[in-house]
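Look through the structure below and keep the sequence beside it. The paragraphs that follow go from the metal sites to the helices and then to the domains.

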Amino acid sequence: MTLADGDWSQWLKISFDIKSVDNSTNEIRFMIAEKSITGIGDGEHWVYSITPDSSWKTIEIPFSSFRRRLDYQPPGQDMSGTLDLDNLDSIHFMYANSKSGKFVVDNIKLIGITSEPSPSPTPSIKYGDLNNDSAVNSTDLSMLKRYLLRSLRFDSPEQEERFMKAADLNRDGKVDSTDYTIFRRYLLRAIKEIPI
Ligand SMILES: [Ca+2]
Ligand SMILES: [Ca+2]
Ligand SMILES: [Ca+2]
């Protein structure tokens with residue numbers, strides 16, 4: 001089957017339904033041919049093996065699973081060793097190993113990139129790193145002290161939110177003197193890990 005649109009680069013897989021109608025279970029190669037670089041014939045051949053049986057099977061083949069055909073390549077092939085999805089000529093079903101049989105194919109379709117919603121990035125919080133410089137040390141402890149003494153100003157609501165998370169060392173939803181005590185003991189190595 002010659003392709004009207006030989007650019008499949010936006011697709012990830014090809015899928016179709018296939019079944020054998022003569023009870024043969026001979027290997028079929030599904031082949032994709034690239035366009036010829038000489039303009040004569042077709043180009044590099046790519047194959048994927050299927051063994052249909054007498055019930056309908058849906059075959060879904062990622063393009064990355066196609067292998068370069070080894071028994072034959074046409075003169076017009078580009079020898080690139082890559083399946084050039086943007087430059088396709090045709091698709092073929094053929095029996096392998098000089099076998100024959102009868103089969104039917106239905107519902108050929110291309111499958112694209114599934115647009116899964118990208119998980120909203122949760123900014124990673126390092127507990128105890130209150131000034132967001134990646135280190136957890138006495139600078140952060142004195143920042144917490146200033147917060148508890150109400151002498152700490154935040155530049156932005158985001159910064160405040162971040163601080164409140166990173167400073168809640170016992171994860172009870174508030175930042176208070178308990179967190180300060182935990183932090184001090186952590187820096188004195190009396191506590192091994194924060195949060196507790
Ligand atoms: Ca190629
Ligand atoms: Ca810090
Ligand atoms: Ca707390």
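Predicted model: local features only at pLDDT ≥ 70, side-chain atom pairs only at ≥ 80, totals over all residues.

Residues are numbered from 1 along each chain as its sequence is written, chains are lettered from A and ligands numbered from 1 in the order in which they are written, and side-chain values use heavy atoms, with hydrogens and water left out.

Donors are N, O and S atoms within 2.8 Å of the metal (3.2 Å for Na, K and Ca); water is not among the atoms, so sites may look incomplete. Ala-135 has a relative accessible area of 29% and is partly exposed, whereas Asp-140, at 0%, is buried. Here buried means under 20% relative accessible area, exposed over 50%, and partly exposed in between (1.4 Å probe, protein chains only).

The calcium ion (ligand 3) is coordinated by Asp-168 (OD), Asn-170 (OD1), Asp-172 (OD), Lys-174 (O), Asp-179 (OD) and Asp-179 (OD), at 2.2 to 2.5 Å. The spacing of these donors is D-x1-N-x1-D-x1-K-x4-D. Asp-172 is partly exposed at 36%, and Lys-174 is partly exposed at 48%.

Which residues coordinate the calcium ion (ligand 1)? They are Glu-34 (OE), Glu-34 (OE), Glu-44 (OE), Asp-78 (OD), Asp-78 (OD), Ser-80 (OG), Thr-82 (O) and Asp-84 (OD), at 2.2 to 2.6 Å. Glu-34 lies in strand E2 (residues 28-35) and Asp-78 in the loop between strand E5 (67-68) and strand E6 (88-95), so this pair ties together parts 44 residues apart in sequence. Helices (H or I, at least four residues) and strands (E, at least two) are DSSP runs, numbered from the N terminus. Glu-34 is buried, at 1% relative accessibility, and Asp-78 is partly exposed, at 25%.

Now to the helices. Helix H1 (residues 138-148) packs against helix H2 (residues 157-167) at an angle of about 110°, and their axes are 12 Å apart. Axes are lines fitted to C-alpha atoms, for helices over the stretch in contact, and angles run from 0 to 180 degrees between N-to-C directions. Met-143, Leu-144 and Tyr-147 of H1 make the contact with Phe-163, Met-164 and Ala-167 of H2, where contact means heavy atoms within 4.5 Å.

Finally, the domain assignment gives domain 1 (11-112) and domain 2 (138-188), with bounds that come from an automatic or database domain assignment. Taken over C-alpha atoms, the centres of domain 1 and domain 2 are separated by 62 Å.
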